[in-house]
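Biologist: I have this protein on screen. Can we go through how its parts meet?

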Amino acid sequence: MAVYPRRIMGIETEFGLTAIRGGAAVLRPEEIARYLFRPVVAQYKSTNIFTKNAARLYLDVGAHPEYATAECDSLTQLLNHDKAGELIFNELAVQAQEALAAEGIGGDVYLFKNNVDSAGNSYGTHENYLISRELSLKHFGKRLLPFLITRQLLCGAGMITKDGQFVLSQRAGQVWEGVSSATTRTRPIINTRDEPHGDSSRFRRMHVIVGDSNMAEPTSALKVGSTQLVIEMLEADWEMPAFDVSDPIAHIKEIALDPSGQTPLELKDGSTVTALKVQRAVHAAAEKWLDQRPDEGTPNEELARVVELWGRVLACVESQDFGPVAGEIDWVIKRDLLERYRARLGGDWDHPKLAQIDLAYHDIDRERGLFYLLQRKGMVNRWTTDEAIAQAAHTAPQTTRAAMRAEFLARARELGARYTVDWVHLKVDRPEPQTVDLQDPFATSDARVDDLLSYMETNREHLNDAQGGIRG
């Protein structure tokens with residue numbers, strides 16, 4: 001069976017959006033979204049485009065701005081491109097705020113990288129992992145479920161619920177099925193819809209819907225890196241204990257309420273195992289796998305950092321002393337912050353001020369957001385750098401197919417061509433339609449793309465017409 005240590009990965013993030021003036025919402029979310037996307041529509045005549053760094057930026061159902069990273073083939077590269085989405089959308093938010101002021105409406109525009117709004121509506125952060133076509137995704141997904149439902153101990157974002165409880169994960173209470181082809185109707189943990197965005201004879205795309213949006217870079221690295229390792233072990237048929245959990249959906253909600261990791265999970269054979277024990281077993285297998293893993297894609301040195309942090313978090317869960325990860329794990333950072341405010345306020349978890357702090361943690365504005373205030377004060381740890389994130393906002397990954405998409409977009413836009421782009425296709429519409437189909441997400445060059453660029457150059461005077469705009 002094919003194993004892909006050099007793995008194509010991506011993250012799709014939906015953002016919460018509002019504009020506030022004097023403590024109240026200024027306009028409905030869909031109206032604010034029109035202001036947010038006004039510069040995009042003015043330039044591209046669409047609210048669904050690919051950006052210069054080869055990512056997809058669009059307005060999703062429910063007036064949620066969404067950013068899908070370009071194809072990445074290593075962990076820190078993916079973190080940089082995920083964080084780059086915050087920079088791109090924050091720039092649009094600043095412009096929207098200026099437009100509101102210019103039109104006499106006023107208000108501050110907020111974009112939140114979280115998963116639940118004040119009305120209880122949920123929006124997602126989806127992880128995508130390339131896997132082998134030889135795998136049965138449904139069977140593979142079921143093997144993954146015990147890890148995924150307990151993974152919130154490592155990388156939940158934390159949240160105060162409406163009934164005044166602190167839970168580890170914002171998404172745990174929003175999923176209703178384990179493995180399914182649906183996305184919104186039943187909202188599964190793993191979506192099995194067959195959209196590989198590549199050669200379907202070789203690849204599948206595993207679409208994980210259950211994860212929280214993360215602000216802390218080490219948390220995001222742990223979420224993706226640990227999942228990457230588990231996928232590799234399953235592909236390689238590496239020795240890893242199987243836990244056939246009887247009701248993963250009930251258990252995922254129970255685990256979210258229990259930071260001790262002692263939530264008992266009932267197995268189909270009638271025995272039980274704790275959430276912490278599941279994670280301990282998977283972590284031990286990952287340590288052994290890393291000793292002989294091919295050093296491709298995400299470097300083994302970097303994955304060793306993931307495995308070390310993973311073990312450190314589990315030790316903290318077991319001891320209930322979270323000091324050793326106090327600046328690295330989102331739910332721990334947030335709970336500590338809220339506990340300090342709760343002591344100061346003298347109230348319980350349902351105090352309205354705590355709900356405001358909870359939300360402010362996810363504000364992506366780097367000057368105003370509470371998480372970024374903590375980062376500036378050195379209270380949270382880094383995994384990457386501001387310079388690398390800024391670079392990712394303007395430059396596509398150079399080690400995947402995204403590099404060709406970015407090169408095509410830059411040239412087509414420079415020449416004013418009519419074109420269409422998606423994850424696989426590059427198309428010039430004029431003077432005669434020319435399409436390149438890029439089925440290999442690992443490819444960084446292709447003679448057909450070179451020919452397409454030459455075609456645009458040769459026909460530069462005929463690439464557009466009076467009626468047309470551009471898409472992509």
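Biologist: How many residues of domain 1 are in contact with domain 2?

Modeller: This is a predicted model, where local features need pLDDT of at least 70, side-chain atom pairs count only at pLDDT 80 or more, and totals for chains, interfaces and linings use all residues. Residues are numbered from 1 along each chain as its sequence is written, and side-chain values use heavy atoms, with hydrogens and water left out. The domain assignment, automatic or from a database, gives domain 1 as 9-392 and domain 2 as 400-470. Counting contact as heavy atoms within 4.5 Å, domain 2 contributes 18 residues and domain 1 contributes 20.

Biologist: How much area do domain 1 and domain 2 bury between them?

Modeller: Buried area is the accessible area (1.4 Å probe) that two parts lose on being put together, summed over both. Carbon and sulfur atoms carry 62% of it, and the total is about 1,600 Å².

Biologist: Which residues of domain 1 lose the most area to domain 2?

Modeller: Three residues together make up 42% of what the domain 1 side buries. They are Phe50, Glu71 and His197.

Biologist: Which residue forms a salt bridge with glutamate 71?

Modeller: The rule asks for a side-chain nitrogen of Lys or Arg within 4 Å of a carboxyl oxygen of Asp or Glu. It finds 2 salt bridges across the interface of domain 1 and domain 2. For glutamate 71, the closest N and O atoms are 2.8 Å apart, and the partner is arginine 401.

Biologist: What is the largest C-alpha distance in the set Arg56, Thr69 and Trp423?

Modeller: The unreviewed UniProt entry also places "binding site" at Arg56, Thr69 and Trp423. They are spread over 368 residues of sequence but cluster in space, with a largest C-alpha distance of 10.9 Å.

Key:
UniProt positions are given in the numbering used here, feature names are shortened, and annotations may be inferred rather than shown by experiment.
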